[in-house]
Each structure stands twice: as structure tokens, then as C-alpha cells.
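Thanks for asking me to look this one over.

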Amino acid sequence: SSLEPEEHSMEPPAVPEEEVPLSVAPGPVGCQLFGYVGIEAVLDQMKIKTMKTGFEFNIMVVGQSGLGKSTMVNTLFKSKVSRKSSQPSQEERVPKTVQLQSITHVIEEKGVKMKLTVTDTPGFGDQINNENCWDPIIKYINEQYERYLREEILITRKRKIPDTRVHGCVYFVPPTGHWLRPLDLEFMRRLSKIVNVVPVIAKADTLTLEERAEFKQRIQEDLKMHAISVYPQEDFDQDPEDRALNNRIREKIPFAVVGADQEHQVNGKRVLGRKTKWGIIEVENPAHCEFPLLRDLLIRSHLQDLKDITHNVHYESYRVRRLNESNRP
């Protein structure tokens, strides 16, 4: 040590740079860029990747025989996606129990491929005693959830799990013009808890405009009275714009639809419709029926939302229930 007196400085001792605390000023949420970065190219990457892998969409149609379920599905996708035997035998005409038939097709439009699975339910509501006729349908839906769950909990699972879960169930209400039947109420009350149910009035051309409006109002009152939540559900509306759009859709539910798979000549154009003595009922004309609203809901505006709610709500509740059951002693 030096014996010379130390020189005391009035300046504070220097602090190493690494020990100086850095304070970050809170900036605005949106940061202004100085030039083009290319973030928007992520959308193109997602589009290219999705077009290569394709989509999966599974739809179920439920209703009594003769309500036009197969014709409606063919009209919806403008192709023969729903097959039925040309000459059914006596046993096939009236099944003794509800039988589920699934048909899978790959539909391509402008480079976009969609693997479509249509599940029909012949025999539903055709018997004198229709007690528990919804049990095979509930069992089938839960089996698809179970199949997806088994693939998901594997240690080495597939990169893309095959999705056979039912994303939407179109329920055909017969055009009686009265109130909903106890069978309709009980089915929608049970099924709305495990799948997205979209009710429609089948063969709406058998009702006048006044009868159709009154029938729709009665159905809406029945659904509200029995606390049946059909798609789109109010509980899942988060964005204000989505809530406003869904409110307009809920005012129109159930859709009064007419199905047809034959084309007719109207004013020099080929249109899908049903030919009667009084004229041609155009399926895609909003002034004639509400089929365009159903098509827009299922395909053009809410297809991805149907899949998201199926995965995040219905499948998630099933997964939680199954895992809780397996963890019980």
C-alpha cells in the first residue's frame, strides 16, 4: 500500500456498464415501420400450406324420411355427395332402428381440396315408438371424440390426427306449421350439448309466406322456453362484429329451405329449382327460400368457426370428462 494520502474526488465512483439497470420506456401498441418488412407474406404462406394439406369437414343430417335430407346435401355442395340405393328393398325403406351411414368425398374448387364426410341417419323418427331414438346418434358422436382423444394422448402421435368429429348437425323440422314436436325438442336439447345443431324447416315450399313466418316465430319461442342453444350460440360471441353478425343469423333461424338437384331454364339461365304448375321455385333465390343463408352459414362464413367450436368447446368438455373418469380411483 502507498503511504501517500489518497486523493478524494467529488465524483461518484464509476459503475460498470453491465450493472447499470436498463429501463425500457413503454411504447405504443402499434409500431411504425420504416420500410417494407414482409410480415403480410405470412398469410400467403398459410394459404399455400393449407391448400396443400386441404380441409376436413364432417356434417350430419338428421330428420324423418322423406324430408329431403339427401337432396339438400347434394344441393349444398352441388354434387352427388349423398348416395342412396336406387331400388331399396322393403327392409331398407323403413329401418327397424336408427342406422348411421357415412360417405366421404374429396371436393376440389379452384385448387382448394376439402375432404367432406356426410353422415345420414335413416330410420330416425320413423317408428311408432321413438323412445331413445337419439341414442345411436349420441353414441356415434362420442365415438368420434373418443377416437380423436386416443390418437391425441399417444406418446408418439401423428403430425396430423385424422379428424372424424362431427362439426355440424343439420336437423330437419317437418313443415307442420304448428309447434315443435316433443321429439324435436328432446333431440335438440340433448344434442346441442355435444355438437353444433342447426335447425331448418324442410320443404318450406309447402307453406305460405305467412305460415312460414308464424312457424319460425313459434319455433324460436319453443327454443327459448326450453333453454335450447342452437348454433350460433350466444355464449361464444366474443368480437362485437361477430356478435352483430350472429344476431342477424339468429333472427332467421330456423332457415326455411328447399332442396333440388335438377336444373331448369329461367329467363335464359340454368338454375336449380323445383318445377310446379305455378312456376319454378328457385333454390338459390332469396325471395323463394332461405337456402342461400344456410349455405353461407355452413360453408362461406362459419365453416372454420364450426370446427373451432367443435374442438375448443364440445371436444374439450368431452376430453375433460373422460380424463376425470380415468383418474378416479
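1. Let's begin with a lysine: Lys 69 is found in helix α2, which covers residues 69-77. Please keep in mind that this is a predicted model.

2. Which side chain of opposite charge is nearest to Lys 69? That is Asp 120, at 4.4 Å. Lys 69 is buried and yet has no salt bridge, because a salt bridge calls for the lysine nitrogen to be within 4 Å of a carboxyl oxygen.

3. Leaving aside residues up to four places away in sequence, Lys 69 touches Val 61, Val 62, Gly 63, Gln 64, Asp 120 and Phe 172.

4. Now for the surface. Leu 33, Val 37, Ile 39, Val 42, Leu 43 and Met 46 make a nonpolar patch of about 600 Å². One of these, Val 42, lies in helix α1, residues 41-53.

5. Is Val 42 buried or partly exposed? Val 42 counts as partly exposed, because its relative accessibility is 40%.

6. Finally, the overall picture. The protein has nine helices and nine strands, and 39% of its 329 residues count as buried. Its accessible surface comes to about 21,800 Å², with 52% belonging to carbon and sulfur atoms. Among contacts with a separation of 6 or more, 68% are between residues 24 or more positions apart.

Note on methods:
Residues numbered from 1 in each chain as written. Predicted model: local features only at pLDDT ≥ 70, side-chain atom pairs only at ≥ 80, totals over all residues. Heavy atoms only, no water. Helix = DSSP H or I, 4+ residues; strand = E, 2+ residues; numbered from the N terminus. Buried < 20%, exposed > 50% of the residue type's maximum accessible area, 1.4 Å probe, protein only. Contact = heavy atoms within 4.5 Å. Areas by Shrake-Rupley, 256 points an atom, 1.4 Å probe, with all protein chains shown as cover. Patch = residues over 30% accessible without salt bridge, like charges linked within 9 Å, V, L, I, M, F, W, Y side chains within 5 Å. Lys, Arg positive; Asp, Glu negative; His and termini not counted.
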